[in-house]
There are 2 protein chains.
Amino acid sequence: MSEYNPSQISRVKRVHRRAAYDFKTVHGILDAAHFCHVGYVIDDQPYVTPTLHWRDGNRLYWHGSSASRMLRQVKTGVPVCVTASLFDGYVLARSAFHHSANYRAVMAFGKAKLIEDPAKAEAALKLMMDNLWPGRWEELRPVRAQEIKATTVVTMEIEEASAKIRTGGPVDDEDDYALPIWAGVEPARQIIDPLVADPRLTDGIPIPDYLE
Amino acid sequence: MSEYNPSQISRVKRVHRRAAYDFKTVHGILDAAHFCHVGYVIDDQPYVTPTLHWRDGNRLYWHGSSASRMLRQVKTGVPVCVTASLFDGYVLARSAFHHSANYRAVMAFGKAKLIEDPAKAEAALKLMMDNLWPGRWEELRPVRAQEIKATTVVTMEIEEASAKIRTGGPVDDEDDYALPIWAGVEPARQIIDPLVADPRLTDGIPIPDYLE
Ligand SMILES: Cc1cc2nc3c(=O)[nH]c(=O)nc-3n(C[C@H](O)[C@H](O)[C@H](O)COP(=O)(O)OP(=O)(O)OC[C@H]3O[C@@H](n4cnc5c(N)ncnc54)[C@H](O)[C@@H]3O)c2cc1C
Ligand SMILES: Cc1cc2nc3c(=O)[nH]c(=O)nc-3n(C[C@H](O)[C@H](O)[C@H](O)COP(=O)(O)OP(=O)(O)OC[C@H]3O[C@@H](n4cnc5c(N)ncnc54)[C@H](O)[C@@H]3O)c2cc1C
Ligand code: HEM
Ligand code: HEM
């Protein structure tokens, strides 16, 4: 299997030429996004909670306090929608109607479950760290049992997922191209700025390789 | 009234010192975010759909196709959660447990309704444009009645909303500060890159002031 199989839930209808279901595209967007939005329902009320996620194959993971309402709700196995979106810019056309945005987004559906075994929860948290900064976990003050206990890690096997991507410039009505109106793209991008060392950093600690 | 009044739905419990409910903070984050995630439920399944939003006072707006499943569902007046989040960087501590992220986020709750009057829908779309690029609406090829007809604009009065903000460096256990481990912030930011003109732009069209 190399792609998700969309049901009515995840089959893209609107502008469906922008859709993809293959693992490469879906997982690539999930990995490119720094964080996601987790959708779940409590008493008929939907909630959309931003959180950091990480991935291993077809599984998503996220974590937080063992007292978290979001985590307590999703770990009961209710249906969840995890959406990861990247905004790539505004698209300016010659008519208001044809304005748009460039973006990459994934909507992933499944049911989350608690990782009960503390060793497995710790391994999942290590994977989160390894994905961001390989080698850092080993340098840190070791994790304590009570810290793992205070933490809930959940995992969701992706049952189905869709990607939707828009790229490129405006697409105008043929008659409008001759109009003297500026059209094009205002590209946007998430960047990482120079590191800010903690003021309490002890002297002589070099910046680790994984942060260069 | 200058702040939202949180019920059990929107009162922040986890790390509640990071919470705010005042209009200035909540609206400021909504305006700073380029887009949002709309959460809604169809047949017990939650969906989280990324979309562009705009604001007028305590009202949020968003738009799309009149055939959109998301818009058709939310305009029935079901409960909706609109979340707008900005990722401001990773926070690296001396223990894995104290790693964090800097962010600004708002979760806004209410019920959306359709703007039925085409003139009001058009005025709302003009506001979307005016917020982004003041003066552009007037320069464009005028909107057509059939374009407004193909478009659904919904509005949601914010019934309650919370903001949650984390800023600053790591907060470590006192004993860990002496450890020879790099700690600090890896700041992140969404930027706008230089404009990319449409290859079919007619010669001699200057870049409009609102894009400089
Ligand atoms: C940054 C950003 C801004 C956007 N702004 C707007 C806007 O202003 N107006 C607008 O109409 N649309 C916008 N979109 C697209 C929007 O997310 C939806 O695709 C669109 O609104 C159609 O919604 P629908 O429920 O009718 O889609 P349908 O095609 O009916 O949805 C069916 C299924 O398709 C999949 N799907 C739909 N949309 C996406 C998606 N974006 N990513 C991954 N899978 C998806 C899901 O599995 C969904 O359950 C934006 C997207 C992004 C990422
Ligand atoms: C970019 C980003 C990354 C994050 N990563 C993580 C993570 O990896 N792990 C983690 O535990 N948390 C993370 N958070 C915080 C997360 O959004 C929640 O605040 C936290 O998980 C607690 O959830 P809860 O349901 O237990 O909150 P509760 O405090 O029980 O939520 C109650 C109410 O408080 C309000 N509220 C809660 N969180 C927010 C918020 N973020 N913004 C606005 N209002 C809010 C809502 O109205 C919510 O309904 C992240 C936030 C952002 C923006
Ligand atoms: C600031 C101006 C605008 C921006 C940035 C904008 C942006 C967008 C985006 C990003 C989409 C999603 C396209 C997709 O699914 O990939 C969209 C859809 C849509 N927009 Fe706009 N829009 C703007 C103005 C307008 C106006 C003025 C109208 C109507 C007169 C309009 C009508 C529509 C319609 C009908 C769709 C649905 C397309 C579909 O699903 O087939 N938009 N818009
Ligand atoms: C890459 C490493 C990590 C990052 C980037 C990270 C990030 C975050 C973020 C952003 C939050 C939300 C804080 C808030 O609500 O404002 C959080 C919460 C939390 N994290 Fe982590 N984390 C990491 C590793 C860990 C590890 C290894 C543990 C446990 C050993 C852990 C335990 C917790 C707990 C318990 C909370 C809940 C705090 C609360 O709600 O009181 N985290 N984390």
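These legends describe close-up views of a predicted model.

**View 1. Ligand 4 at the boundary of two chains.**
Ligand 4 lies between chains A and B.

**View 2. Polar contacts of ligand 4.**
Both chains reach ligand 4 with polar side-chain atoms. From chain A, a polar side-chain atom of His63(A) sits 2.9 Å from a nitrogen atom of the ligand. From chain B, Arg14(B) places a polar side-chain atom 2.7 Å from an oxygen atom of ligand 4. Tyr103(B) also takes part: an N or O atom in its side chain is 2.6 Å from an oxygen atom of the ligand.

**View 3. The iron atom of ligand 3.**
Which protein residue is the donor of the iron atom of ligand 3? The only one is His63(B), through its NE2 atom, at 2.1 Å. His63(B) belongs to strand S5 of chain B, residues 59-65.

**View 4. Ligand 1 and its neighbours.**
Ligand 1 also lies between chains A and B. It is surrounded by 25 residues. The closest are Ile9(A), Lys13(A) and Lys164(A) from one chain, and Pro50(B) and Arg69(B) from the other. Backbone atoms of chain B make polar contacts here. A polar backbone atom of Pro50(B) is 2.7 Å from an oxygen atom of ligand 1. For Met70(B), a backbone N or O atom lies 3.0 Å from an oxygen atom of the ligand. Leu52(B) has a polar backbone atom 3.2 Å from a nitrogen atom of ligand 1.

**View 5. The interface of chain B and chain A.**
How many residues does each chain bring to the contact? Chain B brings 86 residues, and chain A brings 86 residues. The size of an interface is often given as the accessible area lost when the parts come together. Here the area buried between the two chains is about 7,700 Å². Carbon and sulfur atoms give 61% of that area. On the chain B side, Tyr90(B), Arg141(B) and Trp182(B) supply 10% of the area that chain B buries against chain A, more than any other three residues.

Between the chains, 48 residue pairs are in polar contact, both residues at pLDDT 80 or more.

**View 6. The side of chain B that touches chain A.**
Strands and helices of chain B both line this side. The elements that give two or more residues to it include strands S2 (36-42), S3 (45-51) and S6 (79-92), and helices H3 (118-132) and H4 (136-139). Strand S10 (184-192) of chain B gives the most, with 9 residues. By class, this side has 53 nonpolar, 16 polar and 17 charged residues.

Terms used
Residues are numbered from 1 along each chain as its sequence is written. Chains are lettered from A and ligands numbered from 1 in the order in which they are written. This is a predicted model: local features need pLDDT of at least 70, side-chain atom pairs count only at pLDDT 80 or more; totals for chains, interfaces and linings use all residues. Side-chain values use heavy atoms; hydrogens and water are left out. A residue is near a molecule or strand if one of its heavy atoms lies within 4 Å of it. A polar contact is a pair of N or O atoms within 3.5 Å; within protein, one must be able to donate a hydrogen and the other to accept it, and residues adjacent in sequence count only if both atoms are side-chain atoms. Donors are N, O and S atoms within 2.8 Å of the metal (3.2 Å for Na, K and Ca); water is not among the atoms, so sites may look incomplete. Helices (H or I, at least four residues) and strands (E, at least two) are DSSP runs, numbered from the N terminus. Contact means heavy atoms within 4.5 Å. Buried area is the accessible area (1.4 Å probe) that two parts lose on being put together, summed over both. Ala, Val, Leu, Ile, Met, Phe, Trp, Tyr, Cys and Pro count as nonpolar, Asp, Glu, Lys and Arg as charged, and the others, Gly among them, as polar.
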